[in-house]
Amino acid sequence: MAAVAGVTVPSGVPGPVGVPGPSGGVPGSAGVAGPGSAVPSVRVLIVDDDALVRAGLSMILGGLPDLTVVGEAADGSEVPAAVAAYAPDVVLMDIRMPRVDGLTATEALRARPHPPEVLVLTTFDADEQVLRALRAGAAGFLLKDTPPADIVHAVRRVAAGEATLSPTVTRTLIAHVTAATPGPVGPDPRRERALRALGGLSERERQVAVALGRGQTNAEIAGELFMSVATVKAYVSRLLTRLDLNNRVQVALLVHDAGLV
């Protein structure tokens, strides 16, 4: 490993323009798409305070022609410099880190113009911190014991602009936040904001949004609302644009906040 501004770079992986890699910027690993390659390489930054976790993820992702681990960081405080230096497409972000946690780092990162996608790494499948990360715009989360093939699939999906949470996981998260959040005694600002946001939708858009809030698949929504799956996908895309959200999980959380499910 070589260090650049507090960020480690896997040996053989080139640095960004103006920042030489450990081998002088010459691609050398199997995870780097060389000149003329027909496969565009997805650039991945790994952020975790556990060196063994970083090494394991680098091994899983670094041997594939369409994925390149461009760097590693051991704390959320290193993320801004790492993202500026290496322009990753996807950031694998641990939640629990000693100085700046991954949650804070994700919120700051997603507030930037044209941020990379974030996949949260966690040891819990229904953690309130995961919910906060998803509200901040993370594209999904991975358990640290996720099988390697599923990790690769998740990174590819996120790089393609798709959320990595299955409807089953969505339902689990919604159930968790429902159980963890007591009913409001007085006016609830989050509920009022959610109702205002959803109030501008058409009746059909609102129906699709509520179905997403129930964790339904596109096929299930299509069957219930007598649409084609392609039409459901178009409605989901429209919802994300109109509500200024990143993925369908955020829509589901907004619907829950409004008290519609």
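User: How many helices and strands does the secondary structure of the chain come to?
Analyst: This is a predicted model, in which local features need pLDDT of at least 70, side-chain atom pairs count only at pLDDT 80 or more, and totals for chains, interfaces and linings use all residues. Residues are numbered from 1 along each chain as its sequence is written, and side-chain values use heavy atoms, with hydrogens and water left out. Counting DSSP runs numbered from the N terminus (helices: H or I, at least four residues; strands: E, at least two), the chain comes to 11 helices and seven strands.

User: Which residues of helix 5 are buried?
Analyst: Buried means under 20% relative accessible area, with a 1.4 Å probe and protein chains only. Seen down the axis of helix 5, the buried residues fall within an arc of 160 degrees (taken from the directions from the helix axis to the C-beta atoms), so they line one face of the helix. These residues are I151, V152, A154, V155 and V158.

User: How are helix 8 and helix 11 oriented to each other?
Analyst: Helix 8 (residues 203-213) and helix 11 (residues 248-257) pack with their axes, lines fitted to C-alpha atoms over the stretch in contact, 7 Å apart. In contact, meaning heavy atoms within 4.5 Å, A209, V210, L212 and G213 of helix 8 meet R248, V251, A252 and V255 of helix 11. The angle is about 95 degrees, on a scale from 0 to 180 degrees between N-to-C directions. Angles of 65 to 115 degrees count as roughly perpendicular, and the two helices are therefore roughly perpendicular.

Definitions and conventions
Angles under 35 degrees count as roughly parallel, over 145 as roughly antiparallel, 65 to 115 as roughly perpendicular and the rest as oblique. Buried means under 20% relative accessible area, exposed over 50%, partly exposed in between (1.4 Å probe, protein chains only).
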